Every structure is written in structure tokens, then in C-alpha cells.
Amino acid sequence: MDRRSFLKAAGSFAVLLPWAGSKAFAQSQPRYGGPFLICINAEGGWDTTMFFDPKPGNNDKGARMNNSYTTVGTRGPFSYAPVSFRVDSANENSLLLHSPEGFLNNHANRLLLLNGVDTTTNAHSVGKQTVWGGHPTREYPSVGALLAIKASQDFELPCAYLSDSGGYLKTQGLVPLTRITSTSTLRNIAYDRRFPASATNLLSEQTSQRIQEAQEKRIEQLAQQLHMPESKEALAHYNKAMLAKNGLAPWMESLPSTSINLEQLRPGAGTVINPVLQQAELALYGFRAGTVVSASLSLGAFDTHANNDALQRIYLGRLFVLIEYILNKIAEPDMELADKVYVVVGSDFARTPAYNTNSAGKDHWNATSLMVFGPNIEGNRVLGRTAANQHPAHVNPQNPSQPLSEESGGIVLKPSHLHHELRRVLGLQNFNSSHGLLDTPVSLL
Amino acid sequence: MQNDTSKHELKNFRRRRRCGEKTSGHWEKRLEWPLCLATSFFLLLALAGCDGKSSANKKTNETEEDPPTVETDVEAFCKTQRQQFHQGLWAPLFIKACQGCHNSSGAAILDERARFVLLPETYPNAAQANLNTIASFAKEQAEGSSYLLAKVSGKIPHLGNTIYPEGSEEYRQLESFISELNNPPNTPDAELPPSCENVAPRMDSRLSAVQLLDAQATFRKATINIAGRLPTSEEEARLEQTPEHLRTSMEALLEEEAFYERLKEVFNDMFLFSLRGQRGFAFNYFQSKDYTRTDFDTIYAATYYEDFPNIQRKLTSVLNRRMNEAGDTTNFSLVNAATATAVSLALWEEPLALIAYIARNNLPFTEILTANYTVVNPYSAYAYNLGEQPAEGTPANNWWPVQLIQRQGTPTEALVPSSGILSTAAFLAQWTTTATNLHRGRAEFLSKNFLATSILSFAQRPVNSTQLDATNNPTVNNPACAVCHYYMDGLSPTFTGFGLGTQATYQPHLATWDNKIYLPTFQGEIFPRSHNNRLSMPWMAERIAADPRFPYAMVLRVFEGITGRKPLEYPSDITQPNYVQLLAAWESQNAFLHEVASKMAQQGMNIKVAFREILLSPYFRAAQDAQLPAELAIGLGEGRLLTPEILSRKIKATLGTAWGGFSNFLPNHSLTSATYNVLYGGIHPTENAARLTQINTIITAVAGAMAREMGCRLPAWEFAKLPAERILLTHVQVDTKPLRQNSPGGPLEVDSTGEQAIRENLAYLHKRLFGENLSPHSPEVDLSYALFVDAWKERAEANEGRGTSTIAHGSCAGRWDLSQASSTGSSYTELPSGQQLTTDAHYTLYAWETVLTYLLMDFRFIHE
């Protein structure tokens with residue numbers, strides 16, 4: 001469905017109206033209060049056998065499915081690969097970043113794990129589209145974009161949908177995608193009267209206010225002059241962005257004086273994930289300040305066609321640190337986000353249950369896993385499963401933790417099942433009419 | 001021009017039609033969805049041309065130079081026929097299920113020698129060709145039924161197995177269509193439909209009639225977009241007097257040096273090469289002290305007996321020589337880092353410089369793939385063993401063509417397999433492969449960008465891992481895989497011989513054909529085994545360049561580069577509520593793009609033709625048309641968010657100085673810097689492949705920062721200049737005020753002379769910054785003037801009795817010439833002390849700062 005059809009179907013024409021009388025972002029306005037969403041994509045396709053879908057044996061062709069272990073750890077309903085994720089994967093004495101076991105020890109109570117989720121593809125772009133947009137053949141907006149679109153209909157949100165790069169970021173033009181880099185850069189530009197990267201105010205408050213009022217009148221003038229639909233639409237987007245600009249300063253003011261960095265979390269670990277940590281921090285404080293609704297983050301170079309185990313362990317270690325930082329931050333009482341933020345972690349797909357000859361790499365595999373955390377989501381659960389050979393296995397749609405043969409009505413979990421549920425808990429069911437999902441809903445969350 | 005046959009048919013068609021007589025219930029009933037093409041022929045026959053207007057009254061001009069702007073009856077008939085084909089058959093039945101294998105490089109053709117060949121939508125008039133193909137096969141019989149039905153239902157052997165089981169809805173639709181084709185209604189000869197064989201789609205006639213920007217406004221928009229400058233007064237005067245010179249003005253614009261930089265920018269959105277130092281080549285580790293001599297020896301041991309492009313070995317030898325000369329074989333800092341950086345930049349720029357070379361010399365643009373040469377500048381020549389190390393400060397913008405030769409491992413020197421951009425180190429380093437990917441990503445790049453056909457679009461079928469696992473060599477033997485891989489694995493051997501780990505190293509011993517899927521194959525033609533293996537890339541490049549989709553693909557790139565809008569995608573989802581409108585919009589735009597491609601091909605495959613035609617088209621020039629249907633207006637009108645690059649040049653062109661000062665004696669553009677480029681929606685070679693085209697709050701914040709800084713810096717600099725040198729504050733002096741006191745302590749009164757001068761300057765600024773032609777007393781200038789007056793009064797009242805006012809930020813004092821770099825190359829030249837302006841004695845600096853801040857954030861400054 002194209003953007004215009006969507007607008008019509010969703011009944012949202014506000015974005016097409018020039019100067020619809022919106023008010024500038026101000027502290028006194030009602031603030032969006034949730035739900036919020038963070039989606040994290042392990043970029044390139046993670047190896048699920050390296051954490052919570054361990055395969056210690058051989059596949060049905062006699063090849064080892066994972067060379068890093070021969071036994072499996074268990075904790076409650078979870079099975080995990082008994083490996084460690086270190087700064088230097090080749091050095092068992094190097095700094096420990098994380099481990100599947102350690103992660104479960106800290107967060108199992110909040111973790112809903114989906115295993116054996118069939119992306120039905122082995123192409124990166126289609127995989128990301130399926131996992132984050134929910135549909136294998138249609139380029140829907142990502143679920144994060146949908147939430148931002150919905151929230152933007154009722155609230156002035158400076159940066160409703162936040163991202164840096166990677167992942168799946170389709171918006172169909174219905175909400176602006178905002179890229180962020182570092183906190184310091186944002187601070188340089190966030191204050192409407194200052195010389196860039198300086199504390200000096202160039203203009204008085206009255207002058208700044210008059211400029212804003214003149215801009216509003218100028219937009220009204222332009223709205224009378226522009227008649228082509230895309231020109232009017234561009235003006236409307238400009239108007240909204242200009243209005244929401246005032247919300248940047250309060251957001252920056254709410255941030256800690258020192259940005260989060262990996263050294264705070266793992267002294268000695270360096271800086272390798274500082275950018276994405278800071279993006280997560282900006283998103284979380286943006287939630288609290290009422291400026292951000294959802295964030296799509298991406299991490300790593302998981303497309304390990306060579307040297308799979310070593311590289312996966314490096315990137316999974318970083319990923320687990322990032323997830324843990326987010327979960328811990330959400331739980332801080334001062335953030336007031338504990339019952340408002342959903343976190344979904346996934347990847348393009350997974351990796352083959354065998355190694356490539358000579359390169360020790362693994363190729364693309366359609367059966368993957370997803371991790372979900374959020375308000376009222378019961379943790380300590382594993383739904384869906386893979387068979388011993390890592391093929392997606394059928395489960396009982398009434399109780400997806402239990403196997404059930406296809407002949408008896410068993411189903412394979414797919415990303416669409418999760419999206420049905422995410423739309424339900426995030427209040428996005430209205431999109432079902434314009435952006436219908438495949439498969440029958442199954443109770444997951 | 002129509003041929004004689006179609007003209008004859010048109011004549012008979014018009015003569016025979018009897019308006020209204022065949023819109024009876026009989027025909028309406030038979031046109032229930034899905035529309036049957038055979039039936040629709042006859043209804044359309046009755047409807048075409050019966051809109052109350054006589055075709056004789058329509059203005060037509062059928063010369064080749066000036067095609068008719070009004071749609072003819074036959075064109076309307078054929079358009080409707082195509083639409084019904086798309087909606088009733090092509091999109092729902094053939095795209096997903098047939099096209100992947102039944103394209104000319106698909107598994108059905110290569111393996112089964114199938115005769116049923118379908119063209120992708122990106123071919124010129126593909127709909128008509130496919131309709132003809134399907135119609136011809138509809139007549140064939142097999143096993144007592146239709147051959148097509150027998151194939152799709154699996155009654156007779158079919159490589160793709162059963163596609164539509166007998167009894168399925170799709171089977172029924174196809175059966176109905178075939179039946180209608182084979183059993184046409186008993187219709188009088190007088191009602192035979194016209195042939196659409198030679199009636200190609202063209203841009204909707206309503207777009208030809210849309211109100212365009214006038215010649216001056218169009219040229220201003222083009223100069224900013226293409227050359228990063230404003231029109232000269234001579235150019236404006238010429239176009240005002242003779243608007244018909246717009247075409248020649250455009251052609252002259254496309255000969256300017258700045259155009260070639262823009263051309264490189266447009267194409268780098270496709271290639272994503274690192275042009276600003278975002279990525280170095282691997283030899284950057286020469287700048288690291290962590291590597292030891294042993295590492296180098298290991299890396300560069302004679303593993304490869306040829307070392308094209310020979311970069312790393314060359315620099316290794318340079319390093320060794322320098323260390324030997326210094327008597328210190330461990331001091332890696334002796335490497336000239338500046339030279340290494342310049343070499344890195346040169347190598348990344350090489351393919352784009354080749355593109356610019358081809359355009360500058362008006363060579364066929366196909367040479368970007370087929371050229372048996374490349375281009376070098378002094379730094380890459382040095383890296384390729386073609387020249388000595390350049391002296392410090394040697395300019396990098398001098399490029400010349402060379403043919404690379406291999407220096408080692410063969411008895412005699414021989415040319416390496418150069419093939420335009422494809423064999424450049426930059427292309428191979430940016431678009432990498434692996435030992436299991438086997439150049440397949442590169443194959444997708446070739447197909448998507450040079451043939452306008454994404455291989456991934458063939459594979460809408462879900463992948464069933466259990467089935468894949470059960471198939472031996474699934475990319476060949478499993479239809480779910482083969483649907484893409486036959487096509488892909490024919491293209492991917494283009495790069496065979498180039499290393500899988502060391503991306504840009506040519507290793508001829510790898511150029512072997514072990515399996516037939518690794519033989520280069522294009523459109524069913526297989527690279528002869530008897531050929532020299534190292535010819536595979538040129539062999540493939542020639543075929544891609546000769547394909548009719550090549551100029552079309554180049555036009556798509558140019559269109560997006562110029563307009564900032566992606567060409568419309570073929571609407572394959574017939575369930576969209578406005579599908580018919582979207583299809584019409586796509587067909588109209590697609591026809592225009594094919595027309596441009598055709599002109600480009602006819603005019604020596606010169607890429608400038610594509611630029612010129614798009615710049616002169618409604619897609620660049622449309623101004624207003626309230627009557628145009630919404631779907632046809634997609635992609636039209638002002639409001640394109642300028643890219644960081646274009647806005648940077650516009651800032652420099654309109655304000656006389658860049659936002660960002662100087663770096664190494666060149667203007668430094670903050671918007672394209674690592675700090676702001678990504679925030680402002682720019683591309684990055686590894687992190688952001690797509691530009692943001694929709695404004696967001698952060699972009700407005702960056703634009704605001706620019707406006708505040710430039711608004712602050714400019715007034716004092718302008719007034720510090722001699723009046724004749726000013727470009728912004730040309731109608732006023734520093735003491736030109738809007739109000740005055742006739743006596744000390746008296747009330748402020750309007751200074752009508754001052755007001756008029758300020759208003760005229762504001763109107764001038766609206767013209768210079770936005771291209772608006774306004775009266776000094778227009779509502780727009782009223783707004784700007786009120787802002788000026790209020791700011792002036794505020795500052796005057798705040799400083800009452802003190803007589804002067806300070807400038808808020810030291811950078812904004814008029815101490816520097818913002819257009820001249822200092823002797824260090826990284827700051828501004830200081831003005832003579834007598835020329836400096838460091839206080840705001842008349843409060844006008846603050847007032848102009850306020851207005852410029854306002855104007856530089858304007859919608860029309862950051863959009864075009």
C-alpha cells in the first residue's frame with residue numbers, strides 16, 4: 001500500500017494540511033506518556049545457537065552445528081550455550097563482556113524468548129522487513145514507525161521515531177525518521193538562540209519569539225501560494241518540524257552531564273559500542289522528556305560468513321551489554337519508565353546449522369529467535385522451538401511452549417505472530433485495516 | 001511516428017466506430033472483474049473517442065520532434081488495454097509465479113530452453129510485448145488442453161512444478177482469459193480493435209499541459225542544483241528576452257566544470273564511495289605503528305603472482321625504501337601520511353572520475369562499464385606504479401586515462417581486464433564478496449543499478465528450509481532458490497578472478513569454470529569456454545551496456561539525483577484501493593523515463609541528454625496545477641529538501657561564504673562534515689546508504705544553527721566591505737535606520753527614506769535567497785520589515801543613552817574577510833584595522849542579524 005492510500009485508510013490527513021493550527025512544543029502541553037518501544041537489530045543475522053537456542057550435536061548430515069561447546073546449560077525454561085562473550089574472543093583471560101548464563105541470571109524473569117521463528121527468507125533486506133515490518137512481501141512501516149505515527153497524531157513530538165542506521169526503517173513518509181549520532185552534537189544545535197556549540201545567546205528571548213511568530217505567518221503565506229500536493233505536504237512537514245524544535249532543549253537538559261560509555265559498564269572494555277549506547281540513552285531520556293516515542297537501534301556485523309564463532313561472540317557480548325544497559329535504565333525509579341517501555345531484540349534471520357568449508361563461517365538460515373521485554377509481559381518463558389537440526393518446529397497455537405505436530409494443528413511461529421501481539425499491546429490495531437498481517441493471531445505477550 | 005499499418009488501422013477504426021451502440025448490458029455483464037481482455041477489446045472499441053469530443057477537433061502534432069500533447073483515440077484504447085492486462089493478468093498471475101524463471105536469464109529458459117519468455121516491467125513497452133507472448137501461447141494445445149494451463153497446473157512436466165492447481169482461483173482466471181482469446185465473440189468485422197503493436201505508452205498529456213516555472217525560474221533552480229551557483233545577470237537578461245533559449249542555456253550549464261562534480265555526486269548515491277575520508281583503503285595501516293615488518297612480509301609474501309591493482313605492494317616498497325634510506329627499518333612513521341591519505345582519496349574517487357571523464361568528453365556512457373582504461377591522478381598514478389611520488393601540495397584534480405598493466409608473474413606485460421568502474425579498486429572494495437557469497441551481492445548490484453532489475457524481487461516466495469535441506473545443491477535444483485540464482489549466478493562470474501578475501505586483487509588462477517552455474521551468462525548467452533577467462537568481465541559489461549535497460553537505469557539514477565524523488569515503483573499489489581490511478585501514474589512517468597532513455601541512446605548515449613531532458617521536464621519545472629489528479633501530481637512541484645551538499649553550495653553561492661569557514665585553504669562545509677552530514681540526512685559509505693528526503697526536527701535544528709551563525713557573521717562583514725563588493729546588504733548603509741529621532745530625547749518617527757531602502761533590500765534578499773520577485777511593500781516583505789523594526793527598536797531601547805551596542809559573539813564582529821582563507825588555510829583573513837566593524841553603533845547589525853536568521857531558516861531556502 002502506498003503512502004497516500006494509507007493516509008486515506010488510516011483517516012489521518014493532518015500531515016497533508018498546511019498550517020493546521022498546531023501549537024509549538026511547550027512544557028505546558030500534554031506530553032506523550034507511553035507506551036514506548038525500542039527495537040534492536042543484530043545487523044546481518046545472529047547465530048542463535050550461540051546463546052539461547054543451543055545445538056551441541058550434529059545436524060542430520062553429520063556436521064557439527066556449533067563448535068564452541070558440546071553441552072548445554074539450562075536455567076528454568078531456558079537452554080543456553082555455555083560460552084562466554086569476551087572483549088577478545090580468542091583470549092579466555094580477556095575481559096568478560098557477558099555470557100548467555102549471566103544474562104539469564106540477571107534478566108530471565110523479564111525475558112520472553114521466541115525460538116524457531118520462521119522468517120521464510122535468507123535475504124537480508126527481506127529478513128529485516130519481515131522481522132520489523134511484520135510482512136514478508138510488503139514494505140510496511142516498521143512497528144516502531146507505526147507507534148510513532150500513532151502518537152504523532154495526537155502529540156507534538158520533536159523526534160517521534162529515532163534511529164541511527166541499519167535495521168529496517170521504513171516509514172512510508174508518515175512520520176519523519178530522525179537520525180542521531182552523538183549527544184554532544186545534539187547539544188550544539190538544540191538551543192534556539194545560541195551560537196552553535198557555544199553557550200552564548202545571539203538573540204534575545206523577545207527577538208527569538210518574534211522570529212518564530214514571523215515564521216508561522218510566513219508558512220501561512222506559503223500555504224496560500226503552494227498548490228501542488230507534494231509542495232503542500234513538504235510545507236506541512238516543515239511546519240511540524242519547526243514547531244517541535246523547541247522540544248530539543250528540554251530533552252538535552254534532562255540528560256546526565258556525562259554521556260553513558262562502555263567504560264562505565266565494563267571498565268577496561270574500551271569504547272566500541274559508545275555510539276549505540278548513547279543513542280539508547282538519548283532514546284530513554286527522550287521517552288521521559290516526551291520527545292521520543294520509539295527508537296530503532298542496530299548493532300554489530302553479525303553476517304559472519306567467515307570465522308563465525310569468534311565474531312559472533314564479540315558482537316553478542318556487545319549486544320548483551322547494550323540490552324542490559326537499557327533494561328537496567330528502564331528500571332531506575334527516577335526514569336519513571338518501568339511500566340511503559342517495550343524492548344524487542346531480533347535479527348535479519350539466523351545462521352546455518354553447519355560451517356562453511358575452510359572459512360569456519362556460517363551462511364543465512366531462516367529460523368531465528370526474538371527476545372521481548374515489556375510491561376505485563378510474563379518473563380521466564382520460551383515459546384516456539386527449533387527441531388534438533390535447527391529447522392523451525394511446530395508448536396501448539398494454544399500453548400506455543402508445547403510441541404504439536406503439523407498434522408495435529410501445530411504451527412510454526414513467524415514474525416507476523418509477534419506483530420499481531422505487538423500491535424495489540426501497543427494499541428496499533430487500527431493499522432490492521434490498512435496494513436494487514438498474515439497468519440492467525442496467537443497469544444504470545 | 002506510427003507506421004503505415006497502424007495508421008491504416010486507426011483510419012478504419014475511426015471510420016467504423018459507432019459510438020454508444022455497444023455499451024449494452026450484454027457487454028457490461030461480461031466485464032465483471034477480472035476484466036477479460038478479449039471482451040474488453042470490443043467494449044473499448046465502443047467507448048474510445050466517445051467522450052463528446054471529436055478527435056478531429058483535438059490538437060495533434062505527430063512530428064518526431066514535437067509529439068502530440070493530446071492523447072489519440074488509439075492511444076487511449078491501448079492504454080486501457082495495458083491497464084487491464086496489468087491488473088487482470090500480469091500483476092496477479094504472472095509476476096510472482098512466472099517472471100522469476102521465465103525471464104531471459106531464468107531457470108526455465110536456461111535449463112529447459114523454454115520458449116515462454118517474459119520481460120520485466122523495466123523494458124520499453126514490456127506490457128505489450130508480454131501480452132503478445134501470452135496471447136500467442138494461449139493458442140497452443142498440449143495433452144488435450146491449453147498448453148499454458150497444462151504447464152501451470154503441472155499436467156505436463158514443468159520445472160517450477162505446479163503453480164496454479166486446477167480449480168484454483170488463479171487457474172480459473174487464466175482459463176477464462178485463454179478461453180476468451182481463443183473464442184472471441186461473434187463480432188462484425190467493422191468492430192475489430194486497432195493494433196497496439198506500435199503504440200508505445202507516453203507521458204500523460206495532462207502533464208504536458210501543467211503550468212511550468214518560467215525560463216528564468218527554471219534556470220535559477222537548475223544552476224543551484226547542477227552548478228551550485230546563481231544565474232548571472234547576463235543569463236537572466238537573455239532568458240527574460242528570449243525564454244526559448246532555456247534549452248541552450250541548460251546545455252551550456254552542463255558543460256561547466258561544476259556539473260561534473262554534481263554528476264559524480266549523483267552517481268555516488270549509487271556507489272557510496274568514501275569521498276570525504278570516511279573510509280581508508282587497507283594500506284591505512286601504514287600509518288599504524290602496531291604492525292611489524294614481519295606482518296608486512298607475511299601479508300605480501302608472493303601469494304599472488306599478479307597484483308592488480310598493485311596498490312598495497314607499491315606502498316610497501318615505498319615504505320621499505322624510506323626505512324632503508326633512514327637506516328631505521330622499524331620506523332613506520334616515516335611513511336608520508338599525507339601522501340597515503342591522498343592516494344586513498346584518489347582511489348575512492350577513481351570510478352567517479354572515470355564517469356566524469358566520459359561525460360566531459362561526450363563519450364558513450366556505456367563506457368562506464370566497457371572502458372578498457374581507467375583514469376588516474378598524480379596520487380593514484382603513483383600507487384599504480386605509473387608515476388613518481390607527487391611533490392607536496394600537488395593538486396589532486398588532474399585526471400587522465402591510462403591502461404593498467406600487470407608487472408609481475410607473467411612473461412610479458414599484458415593488460416589487466418579493465419572494465420570501466422567494475423574493475424576499479426574502489427568498486428571492489430566497497431561492494432565486497434566472500435568465499436560463500438561468490439560475487440552474488442555484486443551481481444545484484446549490477447542488475448539493480450545497470451539493468452533496473454532487482455533480483456531480490458523475483459523471490460517473493462517463502463523459503464522453506466526443510467525443503468532446501470532436502471535438495472542437493474539447492475541453488476540449482478530447488479525452484480525456490482533457482483528462481484533467483486539462475487539469473488544471479490549468471491551475472492556473478494563477471495567478477496571471477498578477483499579475490500574473495502582481498503577484494504581488489506586480481507588472481508587469474510581463480511578464474512576457472514568448475515561448474516556450469518559459474519559460467520558467465522547473460523540473457524541466455526553463455527560465455528564461451530574457449531575464451532580467455534580474463535575476458536569474462538568485459539564480455540559481460542558489453543552485454544549489459546547493450547541492453548535497452550541500461551540507458552533506462554541511468555535515467556532513473558539521474559532523475560532521482562536531480563529531483564530528489566525516487567521514480568515510482570511498478571504497483572504490483574492490485575488490492576490497493578487506488579491501484580488504477582497508481583498504475584496510470586507509474587505508466588505515465590515510466591513512459592517519460594523511457595523517452596528520455598531513448599533520446600539518450602539516439603544521441604550517442606550521452607549522459608548530458610538525460611540531465612537536459614529531465615531539467616526541461618515537468619518533473620523539474622512543474623509549478624502549479626490545481627486541476628491535476630493527485631496521482632499524476634506525485635513527484636511534482638517545489639518542496640524538495642535540499643541535500644547537505646546542495647544546500648552547502650547554495651549557502652556559498654548566495655551568501656558569499658561557506659558555513660564552516662576554511663580548511664586547507666578550501667571552503668569547509670559544516671553540513672557535509674562528519675558532525676552534521678548524517679543528522680542532515682546525508683549518505684555515508686558504510687552507515688547510511690539512503691538520503692532522508694523528509695525534513696525532521698533535527699534537520700530544522702541544524703538549519704537553525706546555520707542560520708543563527710551566518711545571520712550573526714554576515715552583517716558586520718557586509719558593512720565592512722566596500723559598497724560595490726557587497727552582495728547582501730546592497731541597498732542600505734550601516735546607518736540606514738527605519739526610525740529616527742528628530743531631536744535628542746524626542747519620539748521615534750518613521751524615517752521614510754530609511755524604510756524604503758530597507759524594504760528594497762529585503763525584497764532583494766527574497767529574490768537572492770528564494771528567487772521570489774516581490775514588491776518592497778508585499779506581505780512577505782512586510783513580515784521581514786516588521787521583524788527588522790522590532791529588533792532595531794529593542795536594541796535601541798536597551799541601549800538608550802549608551803549610544804552603541806556590542807556584538808554578542810566575537811565571531812560575528814566584522815574583523816575578517818569571510819571569503820578569504822588566512823595564511824594558515826584554516827581561518828579567515830583579517831581585515832585591515834580601518835575597515836573593521838566591531839560595534840553595533842546604529843543597532844542595524846542586530847536588526848539585520850535577526851532578519852537574516854529568519855530568512856536563512858525559511859522553507860524556500862532549505863527547499864527548492
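A: In chain A, 11 residues of domain 1 are in contact with 10 residues of domain 2. On the side of domain 1 of chain A that touches domain 2 of chain A, H1(A) gives the most, with three residues.

Domain 1 of chain A is made up of the segments 1-40, 64-111, 129-313, 332-340 and 354-362, while domain 2 of chain A consists of 381-411 and 430-445. Taken over C-alpha atoms, the centres of domain 1 and domain 2 of chain A are separated by 29 Å.

The confidence of the prediction bears on how this part is read. Chain A has a mean pLDDT of 90, and 93% of its residues reach 70 or more. Over residues 1-27 of chain A, however, pLDDT stays under 50, although the model has 57 contacts beyond four places in sequence for this stretch. Where pLDDT is low, the predicted coordinates should not be read in detail.

Along the principal axes, the C-alpha atoms of chain A fill a box of roughly 75 × 50 × 40 Å. Of the 445 residues in chain A, 57% are buried. Among contacts in chain A between residues at least 6 apart in sequence, 67% join residues at least 24 apart.

The contact between them takes 71 residues from chain A and 65 residues from chain B. Several elements of chain A each supply at least two residues of the side that touches chain B, among them helix H1 (3-10), helix H3 (124-133) and strand E8 (177-179). The side of chain A that touches chain B receives the most from H6(A), with 11 residues. The residues of this side divide into 31 nonpolar, 30 polar and 10 charged. For the complex, the predictor gives an ipTM of 0.90 and a pTM of 0.88.

Chain B has a secondary structure of 34 helices and 16 strands. Buried residues make up 48% of its 864 residues. Chain B averages a pLDDT of 80, and 77% of the residues score at least 70. Over residues 1-66 of chain B, pLDDT stays under 50, with 85 contacts in the model beyond four places in sequence. The pLDDT is also below 50 over residues 283-310 of chain B, a stretch that has 51 contacts in the model beyond near neighbours in sequence.

Some elements of chain B show what burial looks like at the level of a helix. Helix H29 (residues 644-655) of chain B has 12 residues, which at 1.5 Å a residue should span 16 Å; the end C-alpha atoms are 16 Å apart, which agrees. Nine of the 12 residues of H29(B) are buried, so this helix is largely enclosed by the rest of the structure. Among the buried residues of H29(B) are B:Pro644, B:Ile646, B:Leu647 and B:Leu655. What covers the buried residues of H29(B) includes helix H10 (215-227), helix H13 (257-271), helix H30 (697-720) and helix H34 (859-862) of chain B. Just after H29(B), B:Gly656 takes a positive phi of about 85°.

From its first C-alpha to its last, H33(B) reaches 18 Å, close to the 18 Å expected at 1.5 Å a residue for its 13 residues. In H33(B), 13 of the 13 residues are buried, so H33(B) is largely enclosed by the rest of the structure.

B:Leu354 lies in helix H16 (residues 337-360) of chain B. Not counting residues up to four places away in sequence, B:Leu354 touches B:Ile368, B:Ala371, B:Thr374, B:Val375, B:Gly420 and B:Ile421.

Note on methods
Residues are numbered from 1 along each chain as its sequence is written. Chains are lettered from A and ligands numbered from 1 in the order in which they are written. This is a predicted model: local features need pLDDT of at least 70, side-chain atom pairs count only at pLDDT 80 or more; totals for chains, interfaces and linings use all residues. Two residues are in contact if their C-beta atoms, placed from the backbone, lie within 7 Å. Helices (H or I, at least four residues) and strands (E, at least two) are DSSP runs, numbered from the N terminus. Ala, Val, Leu, Ile, Met, Phe, Trp, Tyr, Cys and Pro count as nonpolar, Asp, Glu, Lys and Arg as charged, and the others, Gly among them, as polar. The expected span of a helix is 1.5 Å times one less than its number of residues. A residue is buried if 20 or more other C-beta atoms lie within 10 Å of its own, exposed if 12 or fewer, and partly exposed in between; C-beta atoms are placed from the backbone. Domain bounds come from an automatic or database domain assignment. pLDDT is the predictor's confidence in each residue, from 0 to 100.
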